[in-house]
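Here is a short note for a colleague who is opening this structure for the first time. Please read the points in order.

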Amino acid sequence: METPMTEVISAVIDGAIISAGEAPVSIINPANDSLIVDLPEAGADTVDRAVQAARRSFDEGVWRTMPVDKRQAVLRRCADAIESNADELAGIESANTGIPFSQLRNRSVLRAADNFRFFADYIGQSVGELYEQNPDYLTMVRREPVGVAALISPWNSPIALGSMKIASSIAFGNSCVLKPSEQAPLGISKLATLMTGAGVPDGVVNLINGRGATTGDQLVRHPDIDVVTFTGGTHTGRLIMKAAGENLKPATVELGGKSANIIFDDADFDQAVDGALLGIFTNNGQQCLAGSRILVQRGIAARFIEAFIARAKAIRVGDPLDAATELGPLVSQRHLQHVMSFVPDANLAGHRILTGGHRAPGFDKGCYFEPTVVQVDSNDSRICQEEIFGPFAALMIFDTDEEAYALANASRFGLVSYVWSQNIGRIMEAQERIAAGIVWCNTPMMRELRAPFGGYKESGVGSDGGKACEAFYTRQKTVTIPR
Ligand code: NAD
């Protein structure tokens with residue numbers, strides 16, 4: 001597939017593309033280090049215009065007062081528009097991020113369409129409360145949209161995560177301003193341009209491109225926004241919560257992970273190997289929910305390591321736009337340097353590089369890194385405690401179930417955990433003992449959009465998902481009237 005064309009989009013405001021802006025951000029193709037486009041940054045004036053457009057659309061009320069069945073129809077048309085443009089969206093995002101086209105086309109872009117359909121269905125079933133205890137009065141509790149939502153998203157899955165934020169905020173009648181990552185803005189910017197054609201009124205979905213410390217910070221601190229939702233790194237999450245808190249704005253922050261993937265000796269062996277591979281190598285390993293600490297019980301450890309390493313070595317590393325590619329380049333040279341900085345730690349006493357540890361061979365250019373697995377003796381090592389965010393797994397052997405839970409929980413993160421066992425009693429014990437917001441048992445990455453998705457500890461505050469989003473993007477009003 002050829003590298004797709006991209007438009008110069010600094011912002012999308014009131015449905016119109018704005019190309020001019022301030023200090024441009026160079027968007028580089030991580031497969032060959034070439035410049036895709038220079039994107040002018042949305043400066044303070046543009047940020048203000050975007051927020052004012054959202055505010056105006058909210059105050060005018062065309063969207064928030066639209067009958068639910070009509071709003072549902074628009075949301076469903078957004079999903080249709082995403083599906084009709086799926087190849088282009090996946091191609092643009094693949095060239096920008098290095099994530100294999102096939103994974104984007106078959107997973108992220110379809111997920112984006114699902115996000116819109118899910119929230120279209122959800123708002124059709126949303127109910128208020130009514131209290132009739134007092135014979136003289138009726139009390140009802142209504143939910144109203146909060147107003148203007150500031151949405152800030154990361155680079156590792158821009159279309160899937162950005163669309164989740166757009167769909168969940170606007171479904172309840174809000175208007176929004178999205179600032180995607182300056183590293184990977186192209187796919188989600190394209191998606192924002194599809195909203196008007198699908199019937200979303202002008203000003204309801206606005207997008208601004210630019211750096212976090214400038215455009216992002218200006219958005220979060222803008223006095224006319226009502227809530228902030230952020231997905232990204234833990235360090236940035238702290239800054240966002242602080243900035244939002246200063247203006248008394250509610251914020252959800254969905255942050256990093258260092259998820260344990262526990263494989264008990266009674267697991268379905270083939271399923272566990274497949275799941276562990278998907279858990280760490282999908283999306284080039286750049287996933288908050290990556291199963292990056294693989295804990296294997298001693299009885300099956302030798303067999304597991306042999307099978308897992310053979311499969312890791314067989315992963316097809318290549319051009320992300322090639323349909324056969326399973327692992328593309330990392331998002332940038334800077335990120336490649338970050339991932340490679342863990343290799344010296346892997347050479348420490350007690351650690352053993354089972355495979356990988358180098359730039360992938362055969363590529364003169366680009367940010368390619370080999371699938372890498374390191375067997376470690378201590379969970380205290382940097383490899384086990386920091387988010388590497390690449391195709392880089394730490395593997396540890398444990399003896400007892402107690403040891404597995406202790407290792408899984410010895411982390412400042414608590415986003416996801418994976419458990420593999422055919423004993424239901426063990427599974428139930430494990431899900432109770434593990435301190436993580438999501439526990440996937442005998443299944444890799446099965447997302448149920450009605451259920452909350454959010455982490456414990458430093459993996460975040462707040463969640464995505466049906467009820468969680470309704471609670472965040474609406475406020476409750478208690479109304480009492482005489483009978
Ligand atoms: P990041 O924190 O560097 O950036 C995320 C976004 O915040 C970007 O749009 C950036 O421009 C913006 N930003 C940066 N500084 C800002 C500031 N001061 N004010 C406002 N905005 C600012 O994260 P990243 O490197 O883009 O993404 C990777 C991280 O995201 C990883 O830690 C990963 O685990 C996490 N993540 C979490 C989830 C989840 O659901 N928990 C999902 C995906 C990614």
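1. **Contacts around threonine 282.** Two residues are in contact if their C-beta atoms, placed from the backbone, lie within 7 Å. Leaving aside neighbours within four places in sequence, threonine 282 is in contact with Gln103 and Gln287. Threonine 282 sits in the loop between helix H9 (269-281) and S13. Helices here are DSSP runs of H or I with at least four residues, strands are runs of E with at least two, and both are numbered from the N terminus.

2. **Ground rules.** This is a predicted model: local features need pLDDT of at least 70, side-chain atom pairs count only at pLDDT 80 or more, and totals for chains, interfaces and linings use all residues. Residues are numbered from 1 along each chain as its sequence is written.

3. A residue is buried if 20 or more other C-beta atoms lie within 10 Å of its own, exposed if 12 or fewer, and partly exposed in between; the C-beta atoms are placed from the backbone. Tyrosine 368 is 86 residues from threonine 282 in sequence and 15 Å away in space, C-alpha to C-alpha.

4. The UniProt annotation "domain: Aldehyde dehydrogenase", from an unreviewed entry, covers residues 24-479. UniProt positions are given in the numbering used here, feature names are shortened, and annotations may be inferred rather than shown by experiment. The end C-alpha atoms of residues 24-479 lie 50 Å apart. The span is 42% helix and 21% strand.

5. **The annotated active site.** Where does the "active site" annotation fall? The unreviewed UniProt entry places it at Glu254. Glutamate 254 is in strand S11 (residues 251-254). Glutamate 254 counts as buried, because 27 C-beta neighbours lie inside 10 Å. Beyond its neighbours within four places in sequence, glutamate 254 is in contact with Thr231, Gly454, Gly455, Gly460 and Asp464.

6. **The sheet that holds S11.** Two strands pair if DSSP finds at least two bridges between them. An open sheet of 8 strands has the order S2-S1-S9-S8-S7-S10-S11-S21, with mixed pairing. Strand S2 (16-18) and strand S21 (460-461) are at the edges, each with a single partner strand, so one side of each has no neighbour in the sheet. Strand S1 (residues 11-13) and S2 run antiparallel and are joined by 3 bridges. Alanine 11 has isoleucine 18 in S2 as its bridge partner.

7. Axes are lines fitted to C-alpha atoms, for helices over the stretch in contact, and angles run from 0 to 180 degrees between N-to-C directions. Helix H5 (residues 158-171) lies across strand S7 (148-152), strand S8 (175-179), strand S9 (205-208) and strand S10 (227-231). H5 runs at about 165 degrees to S8. Helix H8 (residues 234-246) lies across S7, S10, S11 and S21, at about 180 degrees to S11.

8. **Strands S12 and S13.** Strand S12 (residues 260-263) and strand S13 (residues 293-297) run parallel, joined by 4 bridges. Alanine 260 stands opposite arginine 293 in S13, and isoleucine 263 has valine 296 as its bridge partner. In S12, Ala260 and Ile262 point one way, Asn261 and Ile263 the other, and all are buried. In S13, 5 of its 5 residues are buried. Arg293, Leu295 and Gln297 point one way from S13, and Ile294 and Val296 the other way.

9. **H3 against H6.** The axes of helix H3 (residues 86-97) and helix H6 (residues 186-197) come within 7 Å and cross at roughly 155 degrees. H3 is therefore roughly antiparallel to H6. (Angles under 35 degrees count as roughly parallel, over 145 as roughly antiparallel, 65 to 115 as roughly perpendicular and the rest as oblique.) H3 contributes Leu89, Ile92, Glu93 and Asn96, while H6 contributes Leu186, Gly187, Lys190 and Leu191.

10. **H2 against H4.** Helix H2 (residues 68-84) and helix H4 (residues 101-125) pack at about 170 degrees, with axes 8 Å apart. H2 is thus roughly antiparallel to H4.

11. **The antiparallel sheet.** An open sheet of 3 strands has the order S5-S6-S22, with antiparallel pairing. Strand S5 (129-131) and strand S22 (474-482) are its edge strands, each pairing on one side only. Strand S6 (residues 137-145) pairs with S22 over 9 bridges. Proline 145 has threonine 474 in S22 as its bridge partner.
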